[in-house]
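Open the structure in your viewer and keep the selection tool ready. This tour goes stop by stop.

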Amino acid sequence: MSNKVINPTTGMQEMVFSLNNEEDLHNALVEGDKYYRRQRQVSVKYRAQQLMEIAASFRANALQLAQTATNNMGKLISESLAEVEAAAKIAEYYAKNGPHALESKPYTYAGEKHAEIQYESTGIVVAIEPWNFPYTQVMRVFAPNFLLGNPVVLKYASIVAGCALKFEQTVINANVDPAAIQNMFLTNDQVAELIKDQRIQGVALTGSTGAGRSVASEAGQSLTKVTLELGGNDAFIVLEDADVQQAVKDGAISRLRNAGQVCTSAKRFIIHEAIAEEFIDGMINEFNSRVIGDPNDEETTLAPLASQKGADMLQWQVDTAIENGAEVLVDGGILNQDGNFFKPVLLTNIQRSNPMFDQEFFGPVGQVYVVKSNEEAIKLANQSQYGLAGAVYSQSIAEAKSVANQLETGQVFINQPSNGYPELPFGGVKNSGFGREMSELALFEFANQKMIALG
């Protein structure tokens, strides 16, 4: 069986690739298990040096990697280049900081007896990764597990198959054992069978809530640990005393970057009534100012969506919201031309009775809610099945932190849009998943935290 990669800008075929068969999968497991056992004799310090070489390999191949991402999923070329650099920085972070984090930690017990925790590899980790950030999403799982000595089997989204091959080859080009990272083009049924294998000791998934439920259920049958980074309907709260112009600028960037296809970006703008008119006017101008076009053109500021399926789904969501009472502040939608182009849409007056009230719009669609108080803003923000990220804007840091402390979400950014940084833990609560990527916490997700107690 073969699949195609379609360029979202032109609608033309980029590449054709074949799915892996059962023999391929068997060989990948055998090689992965051998690698895991070999690496138990290799120092963390040596793998850290290799991670630095991997970072250098990504930087040396930045333009080729970036162009592949733009051709596969439509990302602005500037955003693609930034993503390649971000992937390199993740590898670099774990190379520099990981060895210290993995040092044994002492404990005392029963008075004066001593013990320690050692961090060890556990085996093969399956990474099921999406298309919207085809390099950084994978690096967030690969880098900490590589440092531990866990081999990674990758299952990419099919629409970025070219990126999958480029990622794998870029790592291998850094003189890394090919069994450290094995890209596999698999069906969902093959993934389910893969998870059953006892050599699989972890599964990391970034995707939809539905996919998370399915994979978690499959892994649970084998008692295999899972981390899930799922959807979000993130609140961007602007308090009465906020710098409105800064909030407008940041809010528009957050909502429209990567053509709005970011799980942690602002989805719901919750604005205090005292500054609502100024904020809305500014956001209307921002949404209307975006230049839609070829992502390779430096003048373009909004790229196409990654797939026709995604564009159709987004249009259906917008239409459904409007049919159920939502008001349109900026009119847009699918453009009648080649490619998956979608003009930004800004909605307001989405009531709780609206079936789109708590659905994630994965594209350039924003929602505005006007509230009378901080308490109302917090209540509205928490009226969601999701809890991935959020932002709070206020010139009073104390007030902003007070609001942030009451939000039911995995991460909150104050006076800045949400983003991912290697130094900071990344993950959510509720239907946004569990487990953490990035920071030292990611090193421990699939580690054996072995306790040794001295008598």
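A residue counts as buried here when its relative accessible area is under 20%. Keep that cut-off in mind for several stops. Remember too that this is a predicted model.

**Stop 1: the annotated residue**

Select Glu229. An unreviewed UniProt entry gives it the annotation "active site". Find it in strand β9. Is Glu229 buried or exposed? Its relative accessible area is 3%, so Glu229 is buried. Now show what surrounds it. Leaving aside neighbours within four places in sequence, Glu229 is in contact with Gln137, Arg140, Leu205, Thr206, Gly207, Cys263, Leu388, Phe426 and Ser432.

**Stop 2**

Asn233 counts as buried because its relative accessibility is 2%, and the cut-off is under 20%. Display its side chain together with that of Asp358. A polar contact of 3.0 Å joins the two side chains. Then select the residues that Asn233 touches, again not counting those up to four places away in sequence. They are Lys267, Arg268, Phe357, Asp358, Gln359, Gln367, Ser384 and Tyr386. Next, pick the C-alpha atoms of Asn233 and Gln261. These residues are 28 apart in sequence, and their C-alpha atoms are 12 Å apart in space.

**Stop 3: two positive phi angles**

Go to Asn258, in the loop between α9 (244–256) and β11 (268–272). Asn258 is not a glycine, yet its phi is positive, at about 55°. At 4% relative accessibility, it counts as buried. Select Ala259 too, in the loop between α9 and β11. Its phi is near 55°, a positive value in a residue other than glycine. How does Ala259 count, buried or exposed? With a relative accessible area of 3%, Ala259 is buried.

**Stop 4: a helix with a kink**

Select residues 77–101. This is helix α4, with 25 residues. From its first C-alpha to its last it reaches 35 Å, close to the 36 Å expected at 1.5 Å a residue. Where in α4 does a kink lie? Look at Ala95, where the kink is about 35°. The proline Pro99 follows shortly after Ala95.

**Stop 5: the nonpolar cores**

The largest nonpolar core has 64 residues. Those with the most contacts inside this core are Leu51, Ile54, Phe58, Tyr94, Met139, Phe142 and Phe167. Helix α4 supplies the largest share of the core, 10 residues. A second, separate core has 54 residues, including Ala259, Ala266, Phe269 and Tyr393.

Return to the largest core and centre on Phe167, one of its residues with the most contacts. Not counting residues up to four places away in sequence, Phe167 touches Phe58, Leu65, Pro134, Tyr135, Val138, Met139, Phe142, Leu154, Tyr156 and Ile181.

**Last stop: the annotated span**

Zoom out and select residues 4–452. UniProt lists them, in an unreviewed entry, as "domain: Aldehyde dehydrogenase". The span is 41% helix and 21% strand. Its end C-alpha atoms lie 51 Å apart.

Technical notes
Residues are numbered from 1 along each chain as its sequence is written. This is a predicted model: local features need pLDDT of at least 70, side-chain atom pairs count only at pLDDT 80 or more; totals for chains, interfaces and linings use all residues. Side-chain values use heavy atoms; hydrogens and water are left out. Helices (H or I, at least four residues) and strands (E, at least two) are DSSP runs, numbered from the N terminus. The expected span of a helix is 1.5 Å times one less than its number of residues. The bend at a residue is the angle between axes fitted to the seven residues ending there and the seven starting there. A nonpolar core is a set of buried Ala, Val, Leu, Ile, Met, Phe, Trp, Tyr and Cys residues joined through side-chain atoms within 4.5 Å. Buried means under 20% relative accessible area, exposed over 50%, partly exposed in between (1.4 Å probe, protein chains only). Contact means heavy atoms within 4.5 Å. A polar contact is a pair of N or O atoms within 3.5 Å; within protein, one must be able to donate a hydrogen and the other to accept it, and residues adjacent in sequence count only if both atoms are side-chain atoms. UniProt positions are given in the numbering used here, feature names are shortened, and annotations may be inferred rather than shown by experiment.
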